[in-house]
Amino acid sequence: MTDPVADELPDHHEAAHVLPGDETLIPVPSGQPVMLQDVIWNVPGPEGLAVRFRFVAPQIARDSAATAYEAAAEDMMHLCQTYALPRLTEFGPQPTQIIVSMSDQPVPFGESMPEATQFFEAFSYQDGICMWEIF
């Protein structure tokens with residue numbers, strides 16, 4: 001299967017861009033099933049220009065909690081390092097921040113969905129390494 005992020009390049013305008021993901025499973029340390037929901041770039045974050053890598057991870061659901069937050073946090077660090085960082089050059093101007101999120105179900109960007117379990121982590125990067133930031 002093809003990589004949805006690498007299949008389409010942005011047109012580098014100054015507006016938000018969304019690249020949809022697919023149902024390809026992405027390996028993470030916890031072993032939980034994780035799929036890319038989408039990538040959103042050219043949207044300011046708390047620290048300036050941010051690229052958001054949004055993942056669906058059904059096992060973080062609060063009613064089943066098959067994957068605890070601690071394991072999901074390690075998975076998000078892994079996704080930043082091995083999935084997001086290698087793809088940053090595909091998204092135009094370099095961001096000041098990478099935001100990795102997981103939700104137990106697809107959530108439209110910017111919408112409130114109280115029934116969804118969502119985790120967010122923000123990272124800066126330097127010398128090819130993701131560095132966790134307090135979000």
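How many helices and strands are there in the chain? In this predicted model, in which local features need pLDDT of at least 70, side-chain atom pairs count only at pLDDT 80 or more and totals for chains, interfaces and linings use all residues, the chain holds two helices and six strands. Helices (H or I, at least four residues) and strands (E, at least two) are DSSP runs, numbered from the N terminus, and along the sequence they follow the pattern α-β-β-β-α-β-β-β. Residues are numbered from 1 along each chain as its sequence is written, and side-chain values use heavy atoms, with hydrogens and water left out.

Of the 135 residues in the chain, 46% are buried, where buried means under 20% relative accessible area, exposed over 50% and partly exposed in between, with a 1.4 Å probe and protein chains only. Among contacts (heavy atoms within 4.5 Å) between residues at least 6 apart in sequence, 57% join residues at least 24 apart.

A search of the whole structure finds three aromatic pairs; rings of Phe, Tyr and Trp (its six-membered ring) pair if their centres lie within 6.5 Å, and planes under 30 degrees apart count as stacked, over 60 as edge-to-face and the rest as tilted. One of these pairs is edge-to-face, because the rings of Phe53 and Tyr83 have their centres 6.3 Å apart and their planes at 90°. Since Phe53 belongs to strand S3 (residues 48–56) and Tyr83 to helix H2 (residues 69–84), this pair ties together parts that are 30 residues apart in sequence, and both Phe53 and Tyr83 are buried. The rings of Phe55 and Tyr83, with centres 5.6 Å apart and planes at 75°, are likewise edge-to-face, and this pair links Phe55 in strand S3 with Tyr83 in helix H2, 28 residues apart. Phe53, Phe55 and Tyr83 form one aromatic cluster.

The sulfur atoms of Cys80 and Cys130 are 2.0 Å apart, and the link is left-handed, with -85° about the S-S bond. Cys80 counts as buried at 0% relative accessibility, and Cys130 counts as buried at 5%.

Conventions
A disulfide is a pair of cysteine sulfur atoms within 2.5 Å.
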